[in-house]
There are 2 protein chains.
Amino acid sequence: MVERTKYILDEADMPTRWYNVIADLDVPPPPPLHPGTGEPVGPDDLAPLFPQALIEQEVTTERYVDIPAEVLEVYRLWRPSPLYRARRLEKALGTPARIYYKYEGVSPVGSHKPNTAVPQAYYNAAEGIAKLTTETGAGQWGSALAFACATFGLECEAWQVRASYDQKPYRKIMMETYGTTVHPSPSKLTEAGRAVLAEHPDSTGSLGIAISEAVEMAAQDPNARYALGSVLNHVLLHQTIIGEEALKQFEMAGDTPDLVVGCTGGGSNFGGLTFPFLREKLAGRANPVIRAVEPAACPSLTRGTYAYDFGDTAGLTPLMKMHTLGHDFIPDPIHAGGLRYHGMSPLLSHLYEQGFYEAQAINQRDCFAAGIQFARSEGIIPAPEPTHAVAACIEEALRCKETGEDKVILTALCGHANLDLPAYGAYLAGEMVDNELDDDVLRTSLAALPAGVGS
Amino acid sequence: MVERTKYILDEADMPTRWYNVIADLDVPPPPPLHPGTGEPVGPDDLAPLFPQALIEQEVTTERYVDIPAEVLEVYRLWRPSPLYRARRLEKALGTPARIYYKYEGVSPVGSHKPNTAVPQAYYNAAEGIAKLTTETGAGQWGSALAFACATFGLECEAWQVRASYDQKPYRKIMMETYGTTVHPSPSKLTEAGRAVLAEHPDSTGSLGIAISEAVEMAAQDPNARYALGSVLNHVLLHQTIIGEEALKQFEMAGDTPDLVVGCTGGGSNFGGLTFPFLREKLAGRANPVIRAVEPAACPSLTRGTYAYDFGDTAGLTPLMKMHTLGHDFIPDPIHAGGLRYHGMSPLLSHLYEQGFYEAQAINQRDCFAAGIQFARSEGIIPAPEPTHAVAACIEEALRCKETGEDKVILTALCGHANLDLPAYGAYLAGEMVDNELDDDVLRTSLAALPAGVGS
């Protein structure tokens, strides 16, 4: 009897609804506020930016939301995604722990991002919207939305952080291959971009600036809306298909995780994996420890403040209560571009405050060392973002080796590194540095938080 | 009832043996010859280059070869690979044809190459070999062997064609991440490399030169052997797992292909897909048309000569009877690096002469146009090599649209383009040219064939 390497659900067993963790919380998360009035934003405030269906999902308290048939049809291009048992890594570590990873790199763009890009494109198309705008850093989110827009016949325009646009052209080409128009940000096409360029003509941009540009463009075009790849409730909702599938796959495996660990940037991968496990925990059907791992260079959970702040640099978004390093904080250029965001999903921030999960920060060189060990045993080269989770898994598995504990560890391998290989090149060449966040920098950036709001 | 998008075998149903088409041929393929004596090469001649097990597989006439358990264990990291029904592409084309593709891009390196890299590394390790040398062009084969060597604890040294080494660093970094040492070819480490550099100090290299370097290094080190990623019988043998799985998946689908079409460079992807279908055809259990598609810039089947020729530029390999453009032919720098080989698998060349399949050549701009249409409907961006097969599929599907025929078409999507995106960038920017092979160039290169051998 050969032991299984991976657990794959039949297409017919793919979950048909997303899970909304808010339905199971005793204390609801604080609402987003209008920056002018300080009042909670209503559906009307969001209408210029999002279609009605997504605004409803953003505020719904229903426990489940049905996945439209048209979305399931596209999901089936790569879903259900495999759950792997990392037998070769376990052997290499000599650990009694059992390590599982849910692999989202099988999507056409190589990450978990299409799980939400596809429904976002679908709902916009269904409401007659012709075009989506968005921001992207290294381009994981941008390429996911580009793919999704191609499948539903939407135009797509992406503002990509200038540093990535110039240095990592592969994802830009991927977006263009799907038919999306890509602008470097800051650009001269928007007020927000021109304002930055006036002050810093050589600006290499940031996610916060790119968000400002994409939001501005969508707000002024009645046929366009804006799409965000993380942070918001509806985005995390869509990603719960990851955890729902994983639960079914653990049933196939006849096993139960003791520890569920994922990397956090804006929080969509982590929320997607862990919310269904949190539901099981709240219902008393399971009791896993849940842990978030963030980069030491951008540690919003472990060193940020829980306060109302803007989601972007120019202050165009509503104020959201979240763990933040300050909306004009620009993280050092670590290679995990997807984790370089000043804030954290308000929903996840709320759950963290409520004590539903723990968090740790890891330096990037430790992450890449873990990524290489993973690649040489499991074959897949993890994207820089999930190397954070992989490093935490390996650390835990080695702890188990000392204690002899046969702990069951689950992580989300949310993407592969095919388009991020220069980061591994820098590590192998000894050119990578650790960028732990400086106390003074953090103090300055937190001092710029919007004063006297909500707290 | 939802129609299936993909057909996935259970791990337990993965084929456990490779198929050797030679067992079913009335006329055996002509043997390789020793260039000095003109006599067939024996196992002893090959011993400095290959382990015993692979030499036996190269000449075996057994119909099936069992896949070792250790190889199956590694295969399970990504196999069985999915068979897709291209429903979205069919809809986009408006064709009554049913298009299926067997997708090998799910392997850790994104192509079919690990199907043979893994057993090659395994057999070498089992016979106590410490190191493998190889050549690679764009790096698909090199990264597959690097991955395989990492899984079996072998050292690996790869000579990469200088043009790719300089211009496309991603695959080099991938090889290094797996622990392989990569040299640009021509290099000063070998006689063959030094000879080329003496004459052409700025040489950007070719696959033929890189093969000479890797063979030379293996031959002079008793602990090292050489590994080749295509062309040879044992390589095609290992790839038959593609077609064997596809046959089982067609059973799941309750369908039968009328046309099986694959791209050909050295022939391993094409042989791997088609040999099991050819077996069914020879046994009277099926009757598909089988078709090879090659680049118009390197058309060994449609415009080459069937003659004894060297596999490399320096003439270090045995002479093999094959369709060839001449061993010092250097193809124009088309983007399908994996199809830029002067020769064709001797086994496939023999089968072509025997009339078992047909061939066509396509220009690269038509291929990339097809690749983009595929990406925008199916999500996956095909590697430059399989865009040739995709172009032929689309052509056929549009023919069916005219005739109303509901033909069943199967192709092998042997890899994704994540590491070849600059090729799409060049196409989208209008910078791509078609490089049809010039008659005079071909005449000159064929005039350099080794005279008076075997024909």
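## Contacts of B:Val118

Beyond its neighbours within four places in sequence, B:Val118 is in contact with B:Val71, B:Val74, B:Tyr75, B:Trp78, B:Phe147, B:Ala148 and B:Phe152. The model described here is predicted.

## Nonpolar cores

B:Val118 is one of the residues with the most contacts inside the largest nonpolar core, along with A:Trp18, A:Tyr75, B:Trp18 and B:Tyr75. This core has 99 residues. Helix 6 of chain B (residues 140-152) gives the largest share of the core, 8 residues. From chain A, at least three residues come from each of domain 1 (6-13 + 68-110 + 233-447) and domain 2 (114-228).

## Helices 15 and 16 of chain B

Helix 15 (residues 364-378) and helix 16 (residues 384-403) of chain B have axes that come within 8 Å and cross at roughly 80°. Helix 15 of chain B is therefore roughly perpendicular to helix 16 of chain B, since angles of 65 to 115 degrees count as such.

On the helix 15 side of chain B, the residues in contact include B:Asp366, B:Phe368 and B:Phe374. Those of helix 16 of chain B include B:Pro384, B:His388 and B:Ile394. By class, the residues of this contact are 8 nonpolar, 4 polar and 1 charged.

## Helices 2 and 11 of chain B

In chain B, helix 2 (residues 52-59) packs with helix 11 (residues 233-253) at an angle of about 85°, and their axes are 7 Å apart. This angle makes helix 2 of chain B roughly perpendicular to helix 11 of chain B.

B:Leu54, B:Gln57 and B:Glu58 of helix 2 of chain B meet B:Asn233, B:His234, B:Leu237 and B:His238 of helix 11 of chain B. The contact of these two helices of chain B has 2 nonpolar, 4 polar and 1 charged residues.

Note on methods:
Residues are numbered from 1 along each chain as its sequence is written. Chains are lettered from A and ligands numbered from 1 in the order in which they are written. This is a predicted model: local features need pLDDT of at least 70, side-chain atom pairs count only at pLDDT 80 or more; totals for chains, interfaces and linings use all residues. Side-chain values use heavy atoms; hydrogens and water are left out. A nonpolar core is a set of buried Ala, Val, Leu, Ile, Met, Phe, Trp, Tyr and Cys residues joined through side-chain atoms within 4.5 Å. Buried means under 20% relative accessible area, exposed over 50%, partly exposed in between (1.4 Å probe, protein chains only). Helices (H or I, at least four residues) and strands (E, at least two) are DSSP runs, numbered from the N terminus. Domain bounds come from an automatic or database domain assignment. Contact means heavy atoms within 4.5 Å. Axes are lines fitted to C-alpha atoms, for helices over the stretch in contact, and angles run from 0 to 180 degrees between N-to-C directions. Angles under 35 degrees count as roughly parallel, over 145 as roughly antiparallel, 65 to 115 as roughly perpendicular and the rest as oblique. Ala, Val, Leu, Ile, Met, Phe, Trp, Tyr, Cys and Pro count as nonpolar, Asp, Glu, Lys and Arg as charged, and the others, Gly among them, as polar.
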